[in-house]
Amino acid sequence: MADESKNILQVTYSDNIFRDAGLIIEQSRDYAYRAVNVAMIQRNWMLGKRIADEDLKGENRAEYGKEVVMKLADFLTKNYGKGFDYSSLYKYIRFYKAFPQILDAASTKSLSLTWTHYRELLRVTDDKARNWYMN
């Protein structure tokens, strides 16, 4: 029998196979949703950071930055589909700027929020209010 301490699922088996099978399926589904959410948050943050880094290379680069984001949006949409249009890329930049420390190891609590939560939080312009809503 495999070492159960290494399993990501924590199901205590009972004498009811139907209950146990249901718990295994539900826990697997929940784990997959959380893993996808963490990957999406990391992807969006990293894209925002990379685009922001490109924009910040010099002064008077607003027009250059806008052009880069427009071209990048076209490229990403053609290659990867929805979710990478111009407005989405700017959301990712705002996300990175609003939550610059989100990928720190100490910040694992913040990864328990979904991307939908973060999109709503980005609408809150006051930092103190945003932190209050996060908690």
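What is the mean pLDDT of the protein chain, and what share of its residues reach 70 or more? In this predicted model, the mean pLDDT (the predictor's confidence in each residue, from 0 to 100) is 85, and 84% of residues reach 70 or more. Local features need pLDDT of at least 70 and side-chain atom pairs 80 or more, while totals for chains, interfaces and linings use all residues. Residues are numbered from 1 along each chain as its sequence is written, and side-chain values use heavy atoms, leaving out hydrogens and water.

Helices here are DSSP runs of H or I with at least four residues, numbered from the N terminus. Among the elements, the highest mean pLDDT, 93, belongs to helix H3 (residues 86-98), and the lowest, 84, to helix H5 (residues 127-134).

Beyond four places in sequence, Phe95 touches residues including Ile41, Trp45, Ile102 and Tyr118; contact means heavy atoms within 4.5 Å.

Turning to helix H5, Arg130 lies in this helix and is buried, with a relative accessible area of 8%. Leaving aside neighbours within four places in sequence, Arg130 is in contact with Ala98, Phe99, Leu121, Val124 and Thr125.

Note on methods:
Helix = DSSP H or I, 4+ residues; strand = E, 2+ residues; numbered from the N terminus. Buried < 20%, exposed > 50% of the residue type's maximum accessible area, 1.4 Å probe, protein only.
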